[in-house]
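Biologist: I am new to this model. Please show me how to read it.

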Amino acid sequence: MLQIFASYDVPLVRFFAGFLEHQGIECHVTNEPVGSLGGDIPLLEGPTELWVLDDSRLEEARQLIEKAALPGVPVNPWRCGKCGELVEGQFTDCWNCGEARGGDSDAPSPS
Ligand SMILES: [Zn+2]
């Protein structure tokens with residue numbers, strides 16, 4: 001088992017986990033905060049970690065994440081035109097079906 005990603009952004013780590021598992025890559029999330037759904041900031045010893053169970057698929061998983069995420073790119077969620085999934089704005093492809101962002105399903109323009 002190899003660590004592929006770690007972040008204090010727990011929803012993002014979970015998002016990647018779901019993304020990879022959807023691609024058939026088994027993964028495991030560790031160091032998740034427990035409880036505190038009431039808005040408290042959980043105390044963590046470190047970032048939440050995402051691990052790939054099959055070492056031989058680490059590189060594949062890394063490429064999938066790199067393809068899916070563009071750090072620093074703005075962030076309006078967009079809806080996949082193929083499957084209708086709502087995808088976070090930093091991703092260029094639908095995590096659910098792999099469809100590229102674009103077409104007529106992009107976020108509305110701010111005018
Ligand atoms: Zn999709």
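Biologist: Among contacts in the chain between residues at least 6 apart in sequence, what percentage join residues at least 24 apart?

Modeller: Two residues are in contact if their C-beta atoms, placed from the backbone, lie within 7 Å. Here 47% of those contacts join residues at least 24 apart. This is a predicted model: local features need pLDDT of at least 70, side-chain atom pairs count only at pLDDT 80 or more, and totals for chains, interfaces and linings use all residues. Residues are numbered from 1 along each chain as its sequence is written.

Biologist: In what order do the elements of the chain run?

Modeller: Helices (H or I, at least four residues) and strands (E, at least two) are DSSP runs, numbered from the N terminus. The order is β-α-β-β-α-β-β.

Biologist: Which side chains of strand 3 are buried?

Modeller: In a regular strand the side chains alternate between the two faces of the sheet. A residue is buried if 20 or more other C-beta atoms lie within 10 Å of its own, exposed if 12 or fewer, and partly exposed in between; C-beta atoms are placed from the backbone. In strand 3 (residues 48–52), Thr-48, Leu-50 and Val-52 point to one face and are buried.

Biologist: Why do the buried residues of helix 1 line one face?

Modeller: An α-helix has 3.6 residues a turn, so residues three or four places apart point the same way. The buried ones in helix 1 are Val-13, Phe-16, Ala-17, Phe-19 and Leu-20. Seen down the helix axis, they fall within an arc of 165 degrees (taken from the directions from the axis to the C-beta atoms), so they line one face. Pro-11 and Glu-21 are exposed, on the face turned away.
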